[in-house]
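Please read it with the model open beside you.

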Amino acid sequence: MEALSDGVFALAIAILLLSSSVPGSFHELWLFVQDLPAFGVCIIFIYWIWRQQVAFFLRYGLYDSKTSILTLGLLFFVLFYVYPLKFLMTWLMQFFAALITGNLFQESDHLSQMIPMDKMPYLMVLYGVGFICIWWVLYLLYSHALSKAEYLGLNEIELYETKYSLMEKKTTLLIGVLSVGIALLGLAFEVPVAAAVAGWTYNLIWITTIINLRRRKKQLQLLQADVSI
């Protein structure tokens, strides 16, 4: 199961690279080089998801039927997520590059050809649905592990780590739901700028992660102190 998962994640990274055609001229090669930052960001996102699954198998080593089904679902959603991720990151990198270099006005036509502004909420909904599905499956995996705590013989610290991971997945999932909700409101009321707000919503992940990690550190110190006593 782990070998299959690693293979699918490797395929997802290959799809990110192969979605660009082989350069037939220096100009096309230069365009490919310009896409490398977006490609790098996409790899970070894919690695982030892959690391969550690897941690799950390292901690619990569950290979029952429910774990197999959830893993299959995760792999399916990862492959679905790749294309919206690549498209969104490519657009964002070109947008910010134009903004930083002061060429935003000149590049506005090119950016609009990639996706008109009134279609941006649709993109954020598509991206958000893939994001939600991935973290929903990860949440279900860790929830399944928690239900098997007695069978796995988890100690107090391992039990806390499982509950923390579950809370972390739930928080990330809800941020995705919030983002999609904002994008849908933008579609309902025809407000394209809602797509930008929906995108910035994902920054809440880093804020909540920092806060939760600080709480986790304190709680683990208390638990380790109790164990040593």
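1. Apart from neighbours within four places in sequence, Tyr-127 is in contact (heavy atoms within 4.5 Å) with Phe-45, Tyr-81, Pro-84, Leu-85, Leu-88 and Tyr-202.

2. This is a predicted model, in which local features need pLDDT of at least 70 and side-chain atom pairs count only at pLDDT 80 or more, while totals for chains, interfaces and linings use all residues. Residues are numbered from 1 along each chain as its sequence is written, and side-chain values use heavy atoms, with hydrogens and water left out.

3. Tyr-127 is also among the residues that touch the most other members of the largest nonpolar core, together with Phe-56, Tyr-81, Leu-85, Met-124, Phe-131 and Ile-134, and this core has 58 residues. A nonpolar core is a set of buried Ala, Val, Leu, Ile, Met, Phe, Trp, Tyr and Cys residues joined through side-chain atoms within 4.5 Å, where buried means under 20% relative accessible area with a 1.4 Å probe, protein chains only. At least two residues of this core come from each of α1 (2-18), α3 (36-60), α4 (65-101), α6, α8 and α9 (194-200), and α6 gives the most, with 15 residues. Helices are DSSP runs (H or I, at least four residues), numbered from the N terminus.

4. Asn-212, which lies in helix α10 (residues 204-228), counts as buried because its relative accessibility is 11%. Not counting residues up to four places away in sequence, Asn-212 touches Tyr-164, Met-167 and Thr-171.

Key: Buried means under 20% relative accessible area, exposed over 50%, partly exposed in between (1.4 Å probe, protein chains only).
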